[in-house]
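The points are numbered for reply.

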Amino acid sequence: MSTSAGAGAAGRSVRVVIVDDHAIFRSGLKADLDPSVVVVGEAGTVEQAVEVIAAARPDVVLLDVHLPGGRGGGGREVITGSSALLGTTRFLALSVSDAAEDVVAVIRAGARGYVTKTISGAEITDAVFRVAGGDAVFSPRLAGFVLDAFGTAPADIADDELDKLSARELEVMRLIARGYSYKEVAKELFISIKTVETHVSAVLRKLQLSSRHELTKWAAERRLL
């Protein structure tokens, strides 16, 4: 996952709630985040998280996967319990776990990404801004794992919707759905950022999708990641 220096340099800020059952970790994370990431609430259990998120209505929730309370669903249960806010509040899983069941559970519940606690404060700040902007974000060490978790499509997959995409649009779609930034896609495919933007607009229009998050879910359901 690349970082964007000075994520809040243009005066932007992102309001976040931190959900983790270790108070010391929450304090350390707050100290590591850029000042442009404003912590508006904290919680340590499923019940507290749902309550705090509903009251604070943050832009992004930094969410641990394993939490006490509720019915034992942890981070996934927090997301489902906050489903009414999914249109405006985005969830980014932040965990020590890289287990397949944990990643799949929170992504299916509606999380925009999954990063491990081994990344730096600067990288978490960057991830928060990217998720707030609609990107799907995964830690580099999870990239290959995410591909394995969701599988890959057979080369001769038959899908009427896929038939609408050109070969280049399909390449761009897969990278965008995996959480690549436009700049990273441009570098990977040796094309301009403007060309990437044009392809993404065409893909979303042809597939009748409205966001990168919807595109990620669409690709995952068809085992295209």
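1. Lys-117 and Asp-20 form a salt bridge, their closest N and O atoms lying 2.7 Å apart; the term means a side-chain nitrogen of Lys or Arg within 4 Å of a carboxyl oxygen of Asp or Glu. Lys-117 lies in the loop between strand S5 (113–116) and helix H5 (121–132), and Asp-20 in the loop between strand S1 (14–19) and helix H1 (23–32), so the pair ties together parts 97 residues apart in sequence. Helices (H or I, at least four residues) and strands (E, at least two) are DSSP runs, numbered from the N terminus.

2. The model is predicted: local features need pLDDT of at least 70 and side-chain atom pairs count only at pLDDT 80 or more, while totals for chains, interfaces and linings use all residues. Residues are numbered from 1 along each chain as its sequence is written, and side-chain values use heavy atoms, with hydrogens and water left out.

3. Asp-20 is buried, at 1% relative accessible area, whereas Lys-117 is partly exposed at 22%. Buried means under 20% relative accessible area, exposed over 50%, and partly exposed in between (1.4 Å probe, protein chains only).

4. Glu-184 and Arg-130 also meet in a salt bridge (3.9 Å, N to O). Glu-184 is in helix H8 (residues 182–189) and Arg-130 in helix H5, so this pair ties together parts 54 residues apart in sequence. Both belong to a salt-bridge network that links Arg-130, Asp-135, Glu-184 and Arg-212.

5. Within helix H7 (residues 167–177), Glu-171 and Arg-168 are 3 residues apart, about one helical turn. Their salt bridge has its closest N and O atoms at 3.0 Å. The structure holds 9 salt bridges.
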